[in-house]
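Please walk me through this structure in plain terms.

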Amino acid sequence: LACLSDVVDLVAHCEHSQDNTLRVSCWLRLGDWKVAGNPPGTPLPEPLQAEVLTAYKRATASTGSGYRAWHSWALINFRLAQQIDESMTVRTDSNATSGAVRTRGAKISTKNLRNHVVAAVKGFVQAISLGTKRWSASVQQ
């Protein structure tokens, strides 16, 4: 998997056409594989979060990006926002029982939560605006 991003970059340099579908598809596949490698129901570790976000962001940054790239970007941001919210809820519950005060880490988590929520909303809106009826019908509902 680690070499796939190098292959995508190589294809980008060697490719003379303006069609970026192969590059977008490779970035999406890399992000999907990395997420699938994490056991279901477990939070994504921070290094993996960065790798997946980078892969999906590169897919959306390409000229030929479409519905699937933006939808994947929105979904991973939504998942990370849920993960942060759950960890903040657990931390708040444990702090309430121990009488501890909120720390700087909680402020950083709140900022990260907000950033992921904003990115998810923007991604879903962009996906809907680019989507065909077949792909975006489930999102619009």
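Q83 counts as buried because its relative accessibility is 17%, where buried means under 20% relative accessible area, exposed over 50% and partly exposed in between (1.4 Å probe, protein chains only). The model is predicted: local features need pLDDT of at least 70, side-chain atom pairs count only at pLDDT 80 or more, and totals for chains, interfaces and linings use all residues. Residues are numbered from 1 along each chain as its sequence is written, and side-chain values use heavy atoms, with hydrogens and water left out.

Q83 sits in helix α4, residues 67–98; helices (H or I, at least four residues) are DSSP runs numbered from the N terminus. Leaving aside residues up to four places away in sequence, Q83 touches P43, L44 and Q49, a contact being heavy atoms within 4.5 Å.

Q49 also belongs to the residues closest to the centre of the largest pocket, as the next lines of description show. This pocket has a volume of about 340 Å³. Of its 13 lining residues, E46, Q49, I84, N112 and H116 are the closest to its centre. The elements giving two or more residues to the lining are α3 (46–61), α4 and α5, and α4 has the largest share with 6 residues. A pocket is, on a 1 Å grid over the protein atoms alone, an open set of points where a 1.4 Å probe fits, with protein on both sides within 12 Å along at least five of seven lines; lining residues have an atom within 4 Å of a point. The volume is the space filled by probe spheres set on the points, which are joined across faces, edges and corners.

Helix α5 covers residues 104–130 and includes V117. V117 is partly exposed, because its relative accessible area is 39%. Together with V121 and V125, V117 forms a nonpolar patch on the surface, with about 250 Å² of accessible area (Shrake-Rupley method, 1.4 Å probe).

Methods
Patch = residues over 30% accessible without salt bridge, like charges linked within 9 Å, V, L, I, M, F, W, Y side chains within 5 Å. Salt bridge = Lys/Arg side-chain N within 4 Å of Asp/Glu carboxyl O.
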